Amino acid sequence: MKMKRNWNERYSIADYVYGEEPNEYFKATLANLHPGKILLPADGEGRNGVYAATQGWEVEAFDQSEQAREKALQLAQRKGVRINYQVLDFQQIYDTYPKENFDAIALIFAHMPPEIKSGYFPQLPDLLKPGGHILLEGFSKNHVTYQQKNPGIGGPPDVEMMYSEELMRELFPDLEIITLSEQEISLNEGLGHNGLGSVVRYIGKKR
Ligand SMILES: C[S@@+](CC[C@H](N)C(=O)[O-])C[C@H]1O[C@@H](n2cnc3c(N)ncnc32)[C@H](O)[C@@H]1O
């Protein structure tokens with residue numbers, strides 16, 4: 001509950017905390033996929049879900065924050081697209097969405113505590129149609145040193161909420177790995193992510 005309150009407070013400003021433009025890796029990855037149905041867990045203020053809708057995707061998004069949903073729907077309206085956006089906790093995901101339903105699931109800076117990652121992420125492929133993709137960009141465990149040098153880069157307060165290549169292999173052992181790398185990148189995303197950081201980038205395909 002505290003986490004939810006924190007995010008609602010963060011999103012209560014007029015600005016979009018991570019900007020209104022999509023994440024660059026998300027945008028580049030989507031350009032290589034055929035539009036279909038996409039699920040965006042922890043979509044925040046909707047920059048990625050709304051972008052996907054402008055590219056012809058049918059979008060289901062959710063986040064625990066009511067404030068995030070409000071701003072996402074406003075952004076969708078401004079861009080002239082429709083998205084389905086629910087206020088949900090990650091732990092409700094399998095009670096909400098049917099199996100074998102999505103062509104893609106995108107986890108963009110979806111930083112969750114280890115019990116949610118290990119307890120709920122491994123079943124995400126069940127929600128994909130055969131041939132569907134999971135894509136992820138999230139801060140790597142090495143990002144902590146970047147945060148110390150430059151707090152403006154953002155990222156979660158706890159290294160346990162970050163990612164590693166090893167963790168991705170553990171979470172999705174049955175997906176074919178299309179991309180898996182850890183990289184230093186420069187981010188310029190709204191007020192929330194600015195400067196050099198370290199991320200894990202992943203694309204996995206359901207066989
Ligand atoms: C760093 S933000 C990223 C938002 C968005 N994906 C983006 O890239 O703009 C992390 C998001 O995770 C959401 N979140 C954290 N824990 C969650 C949970 N257990 N269930 C649903 N959403 C959660 C927060 O509300 C927040 O919007």
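Helix 4, residues 66–79, lies across strand 2 and strand 3, and runs at about 165 degrees to strand 3. Helices here are DSSP runs of H or I with at least four residues, strands are E runs of at least two, and both are numbered from the N terminus. Angles run from 0 to 180 degrees between N-to-C directions, with axes fitted as lines to C-alpha atoms, for helices over the stretch in contact. Contact means that the C-beta atoms of two residues, placed from the backbone, lie within 7 Å.

Before going further, the provenance: this is a predicted model, in which local features need pLDDT of at least 70 and side-chain atom pairs count only at pLDDT 80 or more, while totals for chains, interfaces and linings use all residues. Residues are numbered from 1 along each chain as its sequence is written.

Helix 3, residues 47–54, lies across strand 1, strand 2, strand 3 and strand 4, and its direction is at about 175 degrees to strand 2, residues 58–63.

In what order do the 7 strands of the open sheet stand? The order is 3-2-1-4-5-7-6, with mixed pairing; two strands pair if DSSP finds at least two bridges between them. Strand 3 (84–87) and strand 6 (176–189) each have a single partner strand, so one side of each is left without a neighbour in the sheet. From one strand to the next, the twist averages 15 degrees.

Across the protein, buried residues make up 43% of the 207.

I turn to the ligand. There are 21 residues around it, of which Trp 7, Ala 42, Gly 44, Gln 64 and Phe 90 come nearest; the criterion is a C-beta atom, placed from the backbone, within 6 Å. Helix 1 (2–10) and helix 3 are the elements giving two or more residues to this shell.

Finally, the C-alpha trace spans about 40 × 40 × 35 Å along its principal axes.

Technical notes
Buried ≥ 20, exposed ≤ 12 C-beta atoms within 10 Å, placed from the backbone.
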